[in-house]
Amino acid sequence: MNFIAHSKAAFAALALAASPALFAQDVAVRADTLHTMAGDPIADGVVVIEDGVITAVGPAASTPIPNGVRVLSAPVVTPGLIDAHSTVGLAGYLNQDADQDQLERSAPIQPHLRAIDAYNPREALVEWLRGLGVTTLHTGHGPGALVSGQTIVVKTVGNTVEDALMVERAMIAANFGARAYGREGAAPGTRSKQIAMLRGALIKAQGDMASFDADEDEDSPARRDLVNETLQAVLAREVPLMITAWRERDILNALRLAEEFGIEVVIDGAAEAYLVTDQLREAGVTVILHPPRARQFGDLENASFTTAAALRDAGIPFAFQSGFEGYVPKTRVVLWEAAVAAANGLGQQDALAAITIDAARAIGVEDRVGSLEVGKHGDVALFEGDPFETTNRTLGVVIEGVVVSETPR
Amino acid sequence: MPRPCNALVSLGIRDFEGTIILTTSNLLRAARLACAAMAIAATPHLAAQDRPIAFTGATILPITSEPIEDGTVLIEDGKIVAVGTDLAIPADAEIRDVRGMVIMPGIVDTHSHIGQVQGADRSAPIQPEVRAMDSINPRDFSIERAQAGGVTFANVMPGSGHLMSGQTFYMKLRDGETIEDIAVYDEDGNMLGGMKMANGTNPMGSVQGAPGTRAKSAALVRQTFIEAQEYCAKDEDERETRDLGKEALCEVLAGTRLVHHHTHRADDIMTVLRLQREFGFRLLIQHGMEAGDVAAELSGAGVAVSHILVDAPGGKLEAQNSRITSAADLERAGVLVSLHSDDPIVDSRMMLRQAALAVRGGMTREGALRALTINPALQLGLADRIGSLEPGKDADFIVLNGDPLSIYTLVQETWVEGDLVFDRSDPEDAVFATGGFGSASDGRAAFHHLDAEVLNLENAQ
């Protein structure tokens, strides 16, 4: 055990319960190997965090630690990990009807459902992910409906969603393929119907947008329609449509839709992405890839542990997600999913990038998190060794300068 | 090694990737032609090992003895002949140089649902007459995936939706075409298996006549055993009619058929121990997510646990307290513990990782490796045949390219009774190790029909 805490334990206990903005402490983290994800790893490196923000990063020999700063140390240190797509905080861990807020079944297209109205920052799985090193979570509405709702980006701390919030409306979640068919004969029941319904909704929003332009009082409550407003934001490229598309034809349907409407799409899931790498590269899209160990059934029957390596080789930007789990375990952990890809052709550094800086880029927060650079948030994860080795525990986690976990996990 | 037609799956990927995407039917049409050609050249699927093989230069983990550096494993006729250094290698032996590799026993999975297994049918909560073997598809892709993960033996079971969901099937992961090919037999030629039981919330589900409470669950099981006791007390010729369910329960009561009891919550585990004391059956606790909380009681009762670790708590009420430290708690208490997949809950290809997860939770490295090998063999009563690398045992082992507990280590070869059933260097096999186009598809299932067509072609010649 190399995790050494130099300050009083009492302060740590206080920090655990605190909101980071209120109790940010000055902290320095020293590592035998410091993965900044902004350049090569630094041997015997230090990252200094003041007022929640990184103020210095470099070799210990040339990076002075200010007096009085609490120093943590570990064999390996990385930026706080980023889960590029989750349902944690909405899909509760007990998996009972009453705690499953990631899916509303009353209509197939509901882009106006906000994740901030459903996210529970005290959910047990938020704490579970945080303890393993995940500090940033892109989460929200899940699979099961053609357009299931909105997503948010949060830090894995806070007593309220407002405490945790980084991006209030990150993406609009859409789902293609058999997993998003209606129940008991309700539309959509085929892929063709899914695309027809979504095109219809976007065309309607376009038409209403055109008519509103001529209207002097377009903000009048009488004229407002939350569904249309949200789709209009998609059409105006104010927010991307994240389309979960497993099969090759679903992925191509998503790219075709993006071209028809000039919207920004993020391809999510993408189990058969290795079949359409040329099309994905030409479209210039980012892929939020399924967890490598997502069960290879149904629309994921052709998924492979090697897809991440294939995307890397094809030059397509991607990040890992924990996705959605309907049973045991209730969430996956991007740290452990990236590890499987690392071992299946991706390699350690690219796998680490896909849960740090590349994940930050995929969800649009790379200016604040994802790497250890001066000016970015002081979000750090400490490990016993190579983070991808299952046997190496997470020793501690820091979010915006607050030590939020120091229980080896 | 996959059957000949499997090759088409991987060929399809390489040929068609990045160009025009063929429809499944097109792929199958192409496959059908090539498949017929390949089958003619194929070797018999159950080729017996015809000469000794010496695996030389490896780090050997016999499990029941200390690791051996630069050692040799010698096998013949499907059995291990010798393990050690400076062995006398027969002149006619095939030498396989595996320097830099690690050899350990094949993984024994005490709880798996591979092979499209079914059992009881929801028409009643207690169905001991139902046999898993009558539903298993020996050609299902899931078996090849398990081979790719280093699994050489699996207790394949019906689910947990019934108090008693049927007889389980002990599977050797040979390259078989029929259930007989992959069965495990006793000295009298009987296929081996256990009895699947369950308590807690799962069997209180949608089954006709299912119990509504835990107390009713226990009462139904007790009544069933009491009625079986009366039946089993009679000599076979005194029984008026044969009762298939009670016949199986007689084996349970006689201790020849092991009870595999799904149970999670600590109080449910204690209920199982109570039933075991009353009826005296041989018992293996299955799952036991809260078993670590009653480790002392389990140890005191001398009851073993086939345990599961999962990546996060929750997913169902009874999994809310799961933790990765529980295997270590059981080990410390002296409970004989194994780690299982419950495939598809944990992928069969992640069994070595399960051991690593147990180590993360505080289990010893040695204990975690035993939990994949000799401990499950002991639990199943088969430690004289499988679970370690010792002379006389079945030649079931895996060849790894590194530390078994490292995530970067990949299974290179899986051997069952002297036959190479998985070879990562063969692309036809490798696709099952990673997944990929066609490796698990309905199209793959359709290959089974093609196998029959190939046989017809061969017969016509």
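Guide: Chain B is divided into domain 1 (4-46 + 423-460), domain 2 (54-104 + 400-417) and domain 3 (107-380); these bounds come from an automatic or database domain assignment. The model is predicted, and local features need pLDDT of at least 70, side-chain atom pairs count only at pLDDT 80 or more, while totals for chains, interfaces and linings use all residues. Residues are numbered from 1 along each chain as its sequence is written, and chains are lettered from A and ligands numbered from 1 in the order in which they are written.

Between domain 1 and domain 3 of chain B, nine residues of domain 1 are in contact with 11 residues of domain 3; two residues are in contact if their C-beta atoms, placed from the backbone, lie within 7 Å. On the domain 1 side, α12 (427-434) and α13 (442-460) of chain B each supply at least two residues. Helices (H or I, at least four residues) and strands (E, at least two) are DSSP runs, numbered from the N terminus. The most is given by α12(B), with three residues. By class, this side of domain 1 has four nonpolar, three polar and two charged residues; Ala, Val, Leu, Ile, Met, Phe, Trp, Tyr, Cys and Pro count as nonpolar, Asp, Glu, Lys and Arg as charged, and the others, Gly among them, as polar.

Chain B as a whole has 13 helices and 17 strands. Of its 461 residues, 54% are buried; a residue is buried if 20 or more other C-beta atoms lie within 10 Å of its own, exposed if 12 or fewer, and partly exposed in between, with C-beta atoms placed from the backbone. Among contacts in chain B between residues at least 6 apart in sequence, 70% join residues at least 24 apart.

Helix α5 (residues 244-254) of chain B shows this burial in detail: Gly245(B), Ala248(B), Leu249(B), Cys250(B), Val252(B) and Leu253(B) are buried. The buried residues of α5(B) pack against β8 (164-167), β10 (195-198), α4 (214-233), β11 (259-263) and α6 (266-279) of chain B. Just after this helix, Gly255(B) takes a positive phi of about 85°.

Some backbone features of chain B deserve attention. Most residues other than glycine have a negative phi, and most peptide bonds are trans. Arg122(B), which is not a glycine, has a positive phi of about 75°. Arg122(B) lies in the loop between β6 (107-112) and α3 (141-148) of chain B, and it counts as partly exposed because it has 15 C-beta neighbours inside 10 Å. The peptide bond from Asp343(B) to Pro344(B) is cis, with omega near 20°; Pro344(B) is found in the loop between β14 (337-339) and α9 (351-360) of chain B.

The partner chain comes next. The contact between the chains takes 38 residues from chain A and 34 residues from chain B. On the side of chain A, the elements that give two or more residues are α3 (124-131), α8 (277-283) and α10 (334-346). Here α10(A) gives the most, with five residues. The side of chain A has 18 nonpolar, 10 polar and 10 charged residues.

The largest nonpolar core has 252 residues, of which Val47(A), Ile267(A), Val287(A), Ala338(A), Ala355(B) and Ala358(B) touch the most other members. A nonpolar core is a set of buried Ala, Val, Leu, Ile, Met, Phe, Trp, Tyr and Cys residues joined through C-beta atoms within 7 Å. The largest share of this core, 10 residues, comes from α10(A).

In the loop between β13 (318-320) and α10 of chain A stands Phe324(A), which is buried because 26 other C-beta atoms lie within 10 Å. Leaving aside neighbours within four places in sequence, Phe324(A) is in contact with Thr87(A), Ala91(A), Gln102(A), Gly142(A) and Pro143(A). Pro329(A) is also found in the loop between β13 and α10 of chain A, and the peptide bond from Val328(A) to Pro329(A) is cis, with omega near -5°.
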